[in-house]
Structures are given as C-alpha cells and as structure tokens.
Amino acid sequence: MELTADQLKAYDGTDPSKPIYVAIKGRIFDVTAGNSFYGPGGPYCMFAGKDASRALAKMSKNEEDVSPSLDGLTEKEMGVLNDWEKKFEAKYSIVGTLIS
C-alpha cells in the first residue's frame, strides 16, 4: 500500500474503525496493537497518522519535530532513530510506504 502524508492522517486513531499507523523513514507501521500508546490520549498520540522519524530521532514529543525530515540530525540522533526503527520492526507490521 502507498499513502501520501495527507492520506496517512486518516489513520491517527480518531476513527475507531480504522487502524492506527505511524511511519518511520517512509515505511508505514500498523501500531493498532499499541493503541494505549498511540491512540487518542496516549503518550505518543502525536505520532499517529504521521511520519515521526525526526521526533523519534530527537526523543521529542514536540509537534514541530513530528516530521519525516532527517536534515541536520546528528550521528547520535540517527542511531537513536535506527534503534526505534528496529523496535518497530520487531513489534509491528509494515503495511506500506509513504509517497510524495
């Protein structure tokens, strides 16, 4: 499945009939099983329906960091992002990719 960023927003957990998706480095993960984390009111709900690469790399929950942009990230931050990516790969299914 391929989704644009706008289409991905529909999978933010606000519609209980749809799964919850979070993208990392353009790959979309189905995080519905973690809805207590990513669903509405959850501690990571700001990532739902978005590419959260930058925020995960920076260990940030700030809305301005919830972005696919990797520009200017340090080597350490890229390592953190790669660790998050491995955790997601181990726990959640990849269901698609983001397209421009």
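Predicted model: local features only at pLDDT ≥ 70, side-chain atom pairs only at ≥ 80, totals over all residues.
Colleague: What does the chain consist of, in terms of secondary structure?
Modeller: The chain has four helices and four strands. Read from the N terminus, the order of the elements is β-α-β-β-α-α-α-β.

Colleague: What makes the chain agree with a compact globule?
Modeller: For 100 residues, the globule rule puts the radius of gyration near 13 Å. The chain has 12 Å, so the value agrees with the rule. Along the principal axes, the C-alpha atoms fill a box of roughly 40 × 30 × 25 Å. Buried residues account for 40% of the 100 residues.

Colleague: How many of the contacts between residues at least 6 apart in sequence join residues at least 24 apart?
Modeller: The share is 55%.

Colleague: What does UniProt place on this chain, and where?
Modeller: An unreviewed UniProt entry places the feature "domain: Cytochrome b5 heme-binding" at residues 3–99.

Colleague: Why are E1 and E4 called paired strands?
Modeller: Pairing requires at least two bridges. Strand E1 (residues 2–4) and strand E4 (residues 93–99) are joined by three and run parallel, so they count as paired. One of the residues involved is leucine 3, whose bridge partner in E4 is leucine 98.

Colleague: How do you know that E3 pairs with E4 and with E2?
Modeller: The cut-off is again at least two bridges. Four bridges join E3 to E4, and these strands run antiparallel. Four bridges also join E2 to E3, likewise antiparallel. Both pairs therefore meet the cut-off. Arginine 27 has threonine 97 as its bridge partner in E4, and arginine 27 is itself the partner in E3 of isoleucine 24.

Colleague: What lies between the strands of the E2 and E3 hairpin?
Modeller: The hairpin has two residues between its strands, and lysine 25 takes a positive phi near 50°.

Colleague: How do you know that the span of helix H4 agrees with its number of residues?
Modeller: H4 covers residues 75–91, which is 17 residues. At 1.5 Å a residue they should span 24 Å, and the end C-alpha atoms are 25 Å apart, so the two agree.

Colleague: Which residues of H4 are buried, and why are they said to line one face?
Modeller: The buried residues are Glu77, Leu81, Trp84, Glu85 and Phe88. Seen down the axis of H4, they fall within an arc of 105°, so they line one face of the helix. Their cover includes strand E2 (21–24), strand E3 (27–30), helix H2 (35–38) and helix H3 (53–58). The face turned away from the buried side carries the exposed residues Glu75, Lys76, Lys86, Lys87 and Ala90.

Colleague: Why is methionine 78 called partly exposed?
Modeller: Buried means under 20% relative accessible area and exposed means over 50%. Methionine 78 has 25% relative accessibility, so it falls in between and counts as partly exposed.

Colleague: Where is methionine 78, and what is it in contact with beyond its neighbours within four places in sequence?
Modeller: Methionine 78 is in helix H4. With those neighbours left aside, methionine 78 is in contact with Leu70 and Leu73. Arginine 54 is 24 residues from methionine 78 in sequence, and their C-alpha atoms are 9.0 Å apart.

Note on methods:
Residues numbered from 1 in each chain as written. Heavy atoms only, no water. Expected span 1.5 Å × (residues − 1). Buried < 20%, exposed > 50% of the residue type's maximum accessible area, 1.4 Å probe, protein only. Arc of directions from axis to C-beta. Contact = heavy atoms within 4.5 Å. UniProt positions renumbered as here; feature names shortened; annotations may be inferred. Rg over C-alpha atoms; globule rule 2.2 N^0.38 Å.
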